[in-house]
Amino acid sequence: MTTLADQISPSAVDFSRLQQAYAPMLNLVDALLGVTPNCDPILEIWPIGFRTYNLLVPNLLNLPVSLLRKQANKALLGLAMYTASQTAHCAYCTAHTCSFALRRGLSVDVFSGKISPREKLVVALAEGLSSIPANVPDDLILNLKSHFSETEIEWLALSIGLMGFLNKFMDAVGVELEIGAMNDVLHILQPHGWSPGKHSTAENLAHVSATKVVKDNFKTYVRVLKQAPGAIRIERQWTKGIPDSPSQVKAYLQERIGYTFPLLDHVRQKRVVRALTTVLRDNLDAEMSVVGLGIKSLCGLIFAIVIKNAYLNHESLILAKRFYPHLSETTLKAVRDIAHSDVPKEQSECQQQLIGIVNSSEFSKQAAAAFVLTRAISDSPADVSEAILSEISPLLSPEALVELIVWISIQQLMHRLESYYSAK
């Protein structure tokens with residue numbers, strides 16, 4: 001099966017260039033996962049994408065602090081991430097989070113369904129927040145509070161939110177799963193029905209050789225602590241001037257974007273607020289956008305409608321009206337119709353949908369292609385057929401494709417966090 005990753009791989013940035021510019025960050029992830037993810041060269045096609053990814057991962061996982069805490073808590077963090085990925089049907093992230101959880105000390109028996117009451121609650125939270133639409137029972141948060149502190153619960157929710165970003169991007173793009181990751185987990189997950197699907201070829205699978213994952217030890221901590229200062233130095237360059245107090249963040253975002261993103265008021269962790277503020281600022285910077293902020297906002301609206309999130313629906317509409325000043329009800333109806341439409345399966349259906357969007361509104365063919373792709377990737381798993389790829393690839397550059405999918409991935413992150421704070 002041809003994937004978006006296959007389509008845009010000629011534009012991917014070479015690992016050697018990434019190593020020169022971001023060695024501490026790449027080495028840090030390798031220390032945590034045992035591999036350097038294949039998403040990195042793709043994200044750097046639109047550099048804000050790579051920056052977004054590398055701001056979200058350490059901050060929403062509270063690294064390296066969480067790594068140095070007691071084994072039980074960090075193992076549960078891995079379990080939350082694994083369950084979220086499994087619920088979202090992202091085979092790529094399911095493999096990575098399985099390896100991550102095992103390295104943090106989670107028992108392999110958990111993947112066979114042998115779990116404790118605390119683990120069952122973590123699984124329930126991850127499943128509830130990762131479902132489409134979200135489904136967090138009224139009593140779940142109360143039950144969690146009988147086993148975890150409020151801070152511990154929030155970090156679990158933040159890790160699940162992070163996986164919202166990663167699940168959507170990896171699944172929509174069809175990033176190739178590394179042989180090293182499959183060596184870690186194929187023999188564990190395959191008996192329970194997991195397969196890499198579009199994320200691997202039969203040729204790669206033939207080279208898989210089962211390995212035993214090594215749990216965190218002194219060498220792990222030394223490797224992480226050795227890379228942390230360099231990674232922090234790069235992050236500080238990216239977040240320079242970003243506040244972390246609620247009132248200052250509101251003023252900053254209002255000045256830069258024209259909207260305050262009220263969800264951030266509920267996040268208690270300052271490093272997370274700073275990271276999310278930076279991500280929103282960068283992804284809504286008109287000078288950095290290839291897609292155009294108006295079109296991105298309308299794509300966010302399509303996603304919000306598909307996943308039935310009223311908060312994101314309202315937020316995307318506010319942003320769309322700000323960045324698309326001449327937005328009419330006729331235009332909005334065309335966008336909403338796309339959200340409610342079926343994903344085209346055949347090339348002729350895709351062509352008709354693109355033509356219909358252009359004829360019923362003032363949108364360009366490029367905007368229509370962005371809407372069609374957004375509708376296809378809004379489902380979990382994403383439904384990006386070869387028919388869609390053949391029609392949108394000539395209309396959207398690799399930079400535009402990465403930018404758009406990063407934005408929808410951010411929306412899925414915000415969806416999960418909003419669902420948690422609303423339930424809380």
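I note that the model is predicted.

**Entry on overall form**

I next looked up the secondary structure and found 21 helices and zero strands in the protein chain.

**Entry on burial and contacts**

I looked up burial and found that 59% of the 424 residues count as buried. I then turned to contacts between residues at least 6 apart in sequence, and noted that 78% of these join residues at least 24 apart.

**Entry on charge**

I recorded 39 positive and 40 negative side chains in the protein chain. The centres of these two sets lie 9 Å apart. For the structure I noted 14 salt bridges, and I examined some of them in turn.

**Entry on Asp216 and Lys74**

I found a salt bridge between the side chains of Asp216 and Lys74, with a distance of 3.0 Å from N to O. Asp216 lies in the loop between helix 11 (202–205) and helix 12 (218–238), whereas Lys74 belongs to helix 5 (residues 71–87), so the pair ties together parts that are 142 residues apart in sequence. Are Asp216 and Lys74 buried or exposed? I noted that both are buried.

**Entry on Arg274 and Asp244**

I then looked up the salt bridge between Arg274 and Asp244, in which the closest N and O atoms are 2.4 Å apart. Arg274 sits in helix 14 (residues 270–283) and Asp244 in the loop between helix 12 and helix 13 (246–256); the pair, 30 residues apart, links distant parts of the chain. I checked the accessibility of each partner. Arg274 has 25% relative accessibility, so Arg274 counts as partly exposed. Asp244 has a relative accessible area of 18% and is therefore buried, the cut-off for buried being under 20%.

**Entry on a network**

I finally looked up Asp282, which forms a salt bridge with Arg281; their closest N and O atoms are 2.8 Å apart. Both Asp282 and Arg281 are buried. Which residues are joined into one network with them? I recorded that salt bridges with shared partners join Arg51, Arg281 and Asp282 into one network.

Definitions and conventions. Residues numbered from 1 in each chain as written. Predicted model: local features only at pLDDT ≥ 70, side-chain atom pairs only at ≥ 80, totals over all residues. Heavy atoms only, no water. Helix = DSSP H or I, 4+ residues; strand = E, 2+ residues; numbered from the N terminus. Buried < 20%, exposed > 50% of the residue type's maximum accessible area, 1.4 Å probe, protein only. Contact = heavy atoms within 4.5 Å. Lys, Arg positive; Asp, Glu negative; His and termini not counted. Charge placed at Lys NZ, Arg CZ, Asp CG, Glu CD. Salt bridge = Lys/Arg side-chain N within 4 Å of Asp/Glu carboxyl O.
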